[in-house]
Amino acid sequence: MLTFRSVLAVASVLAVSSAAVYNTFDGEGFPSCYNVTEVHDATSVEQIQSLVKDAAKRGLQVRAGGKGHMWYDTQCSDDATVIIRTEFVNKISGFDLNAGTVTVEAGVTFFQLAEYLHERGANMGTGLVNWNISLGGSVAMGAHRTSLREDAAVVGGVLAMDIIDGNGDVRHIERDESNDDWLAASTSLGLLGIIGRLKMKIFPEVKVYAMQKTLEEKDVLNGDIYGMIAPYMTANLWWWPYKRKFHWRYYDTVDFNKSSQQGFQSTFSVTALEGGAAKALLDSGKYLPSSNWIAEEIFFGQWEAPNFHEKTTNEPIKEWPVYGYHYDVLIGGLYPDQKAEWDYGLHGYTLELAFPVTMANKMLKRVRELFDAEAKKLIFMTSTYRSGINIKFGKANFDFLGQVTLNTSDGQDWSKGAIMFDFPSYHPSVGDRKRYNEDFYINLANTLVKEFPCRPHWTKNTRDVLTRSVKNLDAGYLKRFKAVRQKMDPKGIYRSVVGEILGMYK
């Protein structure tokens, strides 16, 4: 009798007679690649090696495909590409709490690892991102949690990695900030190869609390933003520009006996009724600005209450602070009886840029000036995302292409960390699918990139924003990264639009 894994191995390739579009997690109509000739579901690191060697012999390009943290058409190049999906390459091994280490394969998600570790009295520290993203993909794109006190970049918890290079061979790279191979691999953008395995730090399990307060906008824009974030295990701000308010949320550890509550967070869970109502309201906001005003009022009211359920009963938690186990409170996942917002057709445009945290006030005030400039034309802009504009933070971590790297040629002080301006906005499903007052969003992105030494999130920005952002990157770091890329992928089979924008193939 065939096992599920052996069935996958037999049917591991979808071959198409002509090029096909490969989509983001949002599905049809949201392309990440335009010219995909094959899609393989690999089931082992060894099979990934074999697939890479075969593609290289045939002169095809290769890109990894994970669980999905991609919004735009930048995953591949526009030439013929083979996608190797890593979802089923997901073994966890070598758990050793005394040594503080575990080894995971490329497709292991945070959700998988968190449950595995919790069952064994451990957690993975503060280098976290959303529950549905693979660890290999997170390291490749330089993903981060929001913290100035603890390691924020996921790679901050990585001790070693195995990368399948352009020849199909495994390169083992140990953590070493004096080694350019490590500094390139730390945020590789998949340009060096496919991450096959990661050896990661782990820690004894802890309980944490989450606390949230509502602040007036002026008190944040004129306040000590660094002082609001740095003292805590992790903390962030949610901005409601129409209401001129912020939600300030912060987390830290507590004694196991502090509370028996088991809080479980969800940012993305919605009911069918909520999803349908939100879609109708936000679609009308393409034409009627009042719909967007109403949406922000509703979303703000919902976000006032904890977006947590009691894990043991699935009942909503109604008061702050919330207590629970590490991963459940910091990230969580989906509630058992609900679906993710995109499953109801609630899709988004994204813009995320990182700035030195020392420029936090100046940057946010500049954004407010741009909102106010629209208001003078009687165009009152809002947040059309259910938790507002996400203001995140990252502790400095040295590598070549990370958002939070430091000692760069721009002369700015990145040593205290970075502030990330993460502005998701609703993607209408009607008309031309552009947003109400679309030009505002374009002007906002162009202004910030032009006026500030900001760095892009590698999967949350358009080709245009990435191209404009190159001037803010360290030319010396790009040169050193390129040298490692040429060594590990001499034929350039892992080429992507992002790599082309960065000048990796000139």
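Reader: Which helix gives the most to the lining of the largest cavity?
Author: Helix 9 (residues 289-304) does, with three residues. A helix here is a DSSP run of H or I with at least four residues, and a strand is a run of E with at least two, both numbered from the N terminus. The model is predicted, so local features need pLDDT of at least 70 and side-chain atom pairs count only at pLDDT 80 or more, while totals for chains, interfaces and linings use all residues. Residues are numbered from 1 along each chain as its sequence is written, and side-chain values use heavy atoms, leaving out hydrogens and water.

Reader: What makes a space a cavity rather than a pocket?
Author: On a 1 Å grid over the protein atoms alone, a cavity is a set of points where a 1.4 Å probe fits but cannot get out. A pocket is an open set with protein on both sides within 12 Å along at least five of seven lines. A residue counts as lining if it has an atom within 4 Å of a point.

Reader: Into which classes do the residues lining the second largest cavity divide?
Author: Six are nonpolar, four polar and two charged. Ala, Val, Leu, Ile, Met, Phe, Trp, Tyr, Cys and Pro count as nonpolar, Asp, Glu, Lys and Arg as charged, and the others, Gly among them, as polar. Among the lining residues are Trp458, Gly402 and Arg455, which are therefore nonpolar, polar and charged in that order. This cavity has a volume of about 90 Å³.

Reader: Which helix gives the most to the lining of the second largest pocket?
Author: Helix 4 does, with five residues. The pocket has a volume of about 590 Å³. Of its 34 lining residues, Ala64, Gly66, Met70, Gln75 and Gly137 are the closest to its centre.

Definitions and conventions. Grid points are joined across faces, edges and corners, and a volume is the space filled by probe spheres set on the points.
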